[in-house]
Amino acid sequence: MMQTPTEPSVEIPLRFRHETIDDAPPSGRLSVCLPADLTGNGYPDLVVGGMGAEEVRLPVSLPGIGDRVSRNLPVLQRALWFLEDYVFWYENPGPTGGEWKRHTISRGLDERVFANALFDVNGDGRLDLVVAQGWGGRNLYWYEQPADPRDTWTRRTIHDEFMVYHDIAFGDVDNDGEMELVAASQESKILFYLDLPEDPTQQPWPAECRHVIDEGERLEGLAIADLDGDGENELVAGPHVYQQVDGHWERETLVEEWYWARVAVGDVDGDDEPEIVLTEGDSPHLEPHRPGRVAWFDRVDGEWEMHTLREEMFCPHTVQVADVDGDGNLDIYVAEMGLGTNADPEHVVFFGNGDGTFDERTVARGVATHEAKLVDVDGDGRLDILGKSYEPDQHVDVWYNEAR
């Protein structure tokens, strides 16, 4: 294992200013965080969704119950789930500032969505929303975006055979020149992809569209990219790389015993080939004896070499690769969850020097986030951050990049 230097060698002039978009979003355990310009005004809006609250606070304390209702009262819990909005979006007010206006996509359907992606499913030039259910669910849906995104989005079922999805992604995974939908079902331990049918409005999509890549692996994190420059895509799924060879899928493992991996891909060392960045996004929450690690992986002489950036973070579930400071080199942004136990979550940028070395800096702290995204929110040419919490508290946030 190689340790990549991360001690700051120079002061990096960067400041992120935090604002709360919504301090009371209408769903618990927020999972979806997808920026996209839905209104066509040139500024990214934000799609958010959730799985419903694990615990629901009541406005008054009840004798023998207290101020919370948990799954020990499943009938009441389910009734409360039906009162939540599961998918909604916030309209960007633009560079003049103002309130982010919330619009509902799906309300009261007990959907409990987790995996998510934006893609033009029906080819009408508008991004549609694809989501899959988390704990307790088996459905993959797509919502057709109407001409005016403030109007009603039509929901259709894509697939309903596997249980619990954490990640989905779109890309040409089988190198046939067509886009596919890749999905990782954690409970069923199946990694598969779906060809898009000629008529994507049929429900569910035909069984012949489905192709299994691997079974027996409980996976998080998906990315589709040409990792070796041969003109064909590979699939990164957790700590594994999959490639189709002579009609069958081969799996190559980057690193053993790397759990709950989040994935990003980009050329962080300037060799004109993308590297793989992994974080252990749910450690130590789900792995109590293993703090969350951050590392990037490069193929050297046919073997994957790990370069560790941090060894002890709290659930670094956010990982993005982009040029944050505008110097032409890719940086790595990582942020921590809160989960009611981490009182001072960090937002860290590993500023790339273009040669595989990094200068590490904490750019924000104190506000937990989950699946945050780097995007230019206000059109000033600088990458900002859009994010939201997971649980137990709920909030949607923006961090404005005020670098000079």
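Here is a short chat about a predicted model of one protein chain.

Student: Among contacts between residues at least 6 apart in sequence, what share joins residues at least 24 apart?
Tutor: That share is 51%.

Student: OK, sheets. What's the strand order in the open sheet of four strands?
Tutor: The order runs β13-β14-β15-β16, and the pairing is antiparallel.

Student: Which strands are at the edges?
Tutor: β13 (165–171) and β16 (210–215), each of which pairs on one side only. From one strand to the next, the twist averages 20°.

Student: How many bridges link β15 and β16?
Tutor: Five, with β15 covering residues 190–195. Within that region, L191 stands opposite D214 of β16.

Student: What holds strands of a sheet together in general, anyway?
Tutor: Backbone hydrogen bonds pair them, in either a parallel or an antiparallel way.

Student: Switching topic: where does D298 sit?
Tutor: D298 is in strand β23, which spans residues 292–300.

Student: Is D298 buried or exposed?
Tutor: D298 is buried, and yet it has no salt bridge.

Student: Which side chain of opposite charge is nearest to D298?
Tutor: R299, at 7.5 Å.

Student: What does D298 touch, leaving out residues up to four places away in sequence?
Tutor: D269, D271, E275, E303, W304, E305 and H307.

Key: Residues numbered from 1 in each chain as written. Predicted model: local features only at pLDDT ≥ 70, side-chain atom pairs only at ≥ 80, totals over all residues. Heavy atoms only, no water. Contact = heavy atoms within 4.5 Å. Helix = DSSP H or I, 4+ residues; strand = E, 2+ residues; numbered from the N terminus. Buried < 20%, exposed > 50% of the residue type's maximum accessible area, 1.4 Å probe, protein only. Lys, Arg positive; Asp, Glu negative; His and termini not counted. Salt bridge = Lys/Arg side-chain N within 4 Å of Asp/Glu carboxyl O. Pairing = 2+ DSSP bridges. Axes fitted to C-alpha atoms, helices over the stretch in contact; angles between N-to-C directions.
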